[in-house]
Amino acid sequence: MTTDSAATGSLVIHSARLIDHGAEVADSWVRIEGGRVVAVGTGQSWTRADEVVDATVVAGPDAVLTPGFIDIHCHGGAGASFDDGAEAIRKARALHRSHGTTRSVISLVTAPVDALAQRVAEIADLMETDADILGSHLEGPFLDPAHHGAHEPTLLLAPARDDVARLLDAGRGTIRQVTIAPELPGGLDAIRLIVDAGAVAAVGHTSADAETAVAAFDSGATVLTHAFNAMPGIHHRAPGPVLAAAGDRRVVLEVIADGVHLDPHVIKLVFDSAPGRVALVTDAMAAAGSADGHYDLGAVSVTVEDGIARADDTGSIAGSTLTQDDALRRAVAAGAPLTEAVRALTETPAAAIGYGDRLGRLAVGYLGDAVLMDAQLQVVRVWVGDRP
């Protein structure tokens, strides 16, 4: 598998099954110039370019071409954690990029506010040189201690306005998402503050009932962090935040399709219940693409056995070892249509964090991020286009 830049020169990829915008078009071609899509068509109507890729030659019969994958919730990979600075981020990103994730939000686990302020500032600096980084995601510290998961409970805080504002200021406009438990004191005010700053407020690691979740969505929250995990489940007299999110067209539901966080029947249920509003995320930690063993996830010690990460002190699931191409295959195996599973890796997450006008499609004017897969949905080549 190779990863190439599509930011210079011209490139044509032809004779592929193009999966984009919820549809499949056979015998398609895409032309990219200077890192952006300039033309799309079918058959032999394409013209010569600096590089011409015959998808059937490179990836075999029924080769699949999609926009580049976008992960809005990932913590690391290749033995490196996003919490450990620029070189660790680059190492982990290289691993995920090779699996089709052309752009990613950098998710940070709970830490002291001082440390988080420094980390989001470093990510803002890194975005000036590394075009594949879309910003940061604070998954903590404003979480419910009863649903702390793999976050160190002693570091969790109620969302005091000064702390929220300090972190948003430190990110200099690059914080894309903040996960928050809306039932905490000041939770709804914090959601409004986050949204007013141009970031996405996400409901997660929460004890919220459906009524509280609806109040959070009415206050501006538009994402449900890893649906079903670290929150109340569905009961016929207590529907909880999942059904509140599924019934609200403003809300995108994150799904971790690794066979551990969600049963395949539940994965299909989410796709069926919230069409066009599912974002397949990895929630991957350092062990993605690496060996079983002991790892640190922020302040929490984690052991990975048979590819399953669990916190040493509580046994809670501690992120995943998933890559997005594997998430695609698992979602399709669970019964999600291929067109919708691809949308959940591309168009939906791009729109969820405000990049829907330039990422997540292979349409004219969009950045030239593309993934070529074989008929079994194994990644063969990846191209990364221009800067966002």
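1. Eight strands form an open sheet in the order β7-β10-β11-β12-β13-β14-β15-β16, with parallel pairing. Strands are DSSP runs of E of at least two residues, helices are runs of H or I of at least four, and both are numbered from the N terminus; two strands pair if DSSP finds at least two bridges between them. β7 (69-71) and β16 (278-280) are the edge strands; each has a single partner strand, so one side of each lacks a neighbour in the sheet.

2. Helix α2 (residues 86-98) packs on this sheet and touches β10 (101-109) and β11 (133-139), contact being heavy atoms within 4.5 Å. The direction of α2 makes about 135° with that of β10 (axes are lines fitted to C-alpha atoms, for helices over the stretch in contact, with angles from 0 to 180 degrees between N-to-C directions).

3. The model is predicted: local features need pLDDT of at least 70 and side-chain atom pairs pLDDT 80 or more, whereas totals for chains, interfaces and linings use all residues. Residues are numbered from 1 along each chain as its sequence is written, and side-chain values use heavy atoms, without hydrogens and water.

4. Within the sheet, β14 (residues 223-224) and β15 (residues 252-255) are parallel and share two bridges. L224 is opposite L253 in β15.

5. Strand β6 (residues 64-67) is joined to β2 (residues 10-20) by two bridges in parallel, with V64 as the partner of R17. Four bridges link β6 to β20 (residues 370-373) in the antiparallel sense; here P67 is partnered by A370.

6. R361 lies over the face of Y366, at 5.8 Å from the ring centre (the criterion is NZ of Lys or CZ of Arg within 6 Å of the centre and within 35 degrees of the ring normal).
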